[in-house]
Amino acid sequence: MSDGTDLGFGVSDRTALIDFMVAVRDILQQVVEWRGLLFAKELRQPIADAWLEVQSAFDDVDVRLRSVEGDEIVSDDELAKIGLTGKQLELKLKGFNSTWGRFKQWGTVKALKKLLDWIDIILGSLASIIPGADAIEEFKDSAKQAIEDG
C-alpha cells in the first residue's frame, strides 16, 4: 500500500486520479488478502477468483486516464463535468485521504467500510465515463457487502 503521502496535492488533477486508482488497487488487493478475516468462509474463494478477473479493468482505466500521443482519451472537460477536477476533486481526495489515515491508524472494519465509501464517490464518477471502472466499482461494492454479511 501507499507510503502514507496524501494523494492529489501538488500534482495535476489527472495525475491525482491515476494515483488514486493505484491506491484503490492496493487497498482492494489488501482486502482480498485479508479475506480470511473479513469474509464468511463461503465467500473467501469467490472474492479471490473475482479479484483475478477484475485486474484488467484497472489497466483499462489507467489507459483511458493517460494521454496517448498527446491526445487524451478522457478529456479534462469530461472530468470537470463529473466533478473530478479542481476544488471538487480536492474535496473528494481530502475526504479519502483523511479516512485512509484513520483506517491505517485504527484498522477497524468500520473504518475500512468508510474508506470503501469514499472510494465509491470518485470511482462512481469515473464509471460514468470510463468502461472498466464500473467492473471495479461492482467488485468493491460486492466486497463491502460481503464484509457486512461476514
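This is a predicted model: local features need pLDDT of at least 70, side-chain atom pairs count only at pLDDT 80 or more; totals for chains, interfaces and linings use all residues.
**Whole chain.** The chain contains seven helices and two strands, and its elements follow the order α-α-α-β-β-α-α-α-α from the N terminus. Colouring by burial will show that 41% of the 150 residues count as buried. The accessible surface amounts to about 7900 Å², and carbon and sulfur atoms hold 49% of that surface.

**Helix H5.** Next, select residues 86-106, which make up helix H5. This helix has 21 residues and spans 30 Å from its first C-alpha to its last, close to the 30 Å expected at 1.5 Å a residue. Display the side chains of its buried residues: Leu89, Lys92, Leu93, Gly95, Phe96, Asn97, Thr99, Trp100 and Phe103. An α-helix has 3.6 residues a turn, so residues three or four places apart point the same way. Which helices do the buried residues of H5 pack against? They pack against H1 and helix H6, the latter covering residues 109-127. Just after H5, select Gly107, where phi is positive at about 65 degrees.

**Phe20 and Phe96.** The structure holds five aromatic pairs. For one of them, select Phe20 and Phe96: the arrangement is edge-to-face, with 5.1 Å from centre to centre and 75 degrees between the planes. Phe20 belongs to helix H1 (residues 13-33) and Phe96 to helix H5, so that the pair links distant parts of the chain, 76 residues apart. Are these two residues buried or exposed? Both Phe20 and Phe96 are buried.

**Trp34 and Phe103.** Now select Trp34 and Phe103. The ring centres of Trp34 and Phe103 are 5.9 Å apart and the planes stand at 55 degrees, so this pair is tilted. Because Trp34 sits in the loop between H1 and helix H2 (35-38) while Phe103 sits in helix H5, the pair ties together parts 69 residues apart in sequence. Trp34 is partly exposed, with a relative accessible area of 29%, whereas Phe103 is buried at 7%.

**Trp100 and Lys104.** Which residue lies over the face of Trp100? Select Lys104, which is placed over that face at 4.5 Å from the ring centre.

Technical notes: Residues are numbered from 1 along each chain as its sequence is written. Side-chain values use heavy atoms; hydrogens and water are left out. Helices (H or I, at least four residues) and strands (E, at least two) are DSSP runs, numbered from the N terminus. Buried means under 20% relative accessible area, exposed over 50%, partly exposed in between (1.4 Å probe, protein chains only). Accessible areas come from the Shrake-Rupley method with a 1.4 Å probe; for residues, only the protein chains shown count as cover. Rings of Phe, Tyr and Trp (its six-membered ring) pair if their centres lie within 6.5 Å; planes under 30 degrees apart count as stacked, over 60 as edge-to-face and the rest as tilted. A charge sits over a ring if NZ of Lys or CZ of Arg is within 6 Å of the ring centre and within 35 degrees of the ring normal. The expected span of a helix is 1.5 Å times one less than its number of residues. Contact means heavy atoms within 4.5 Å.
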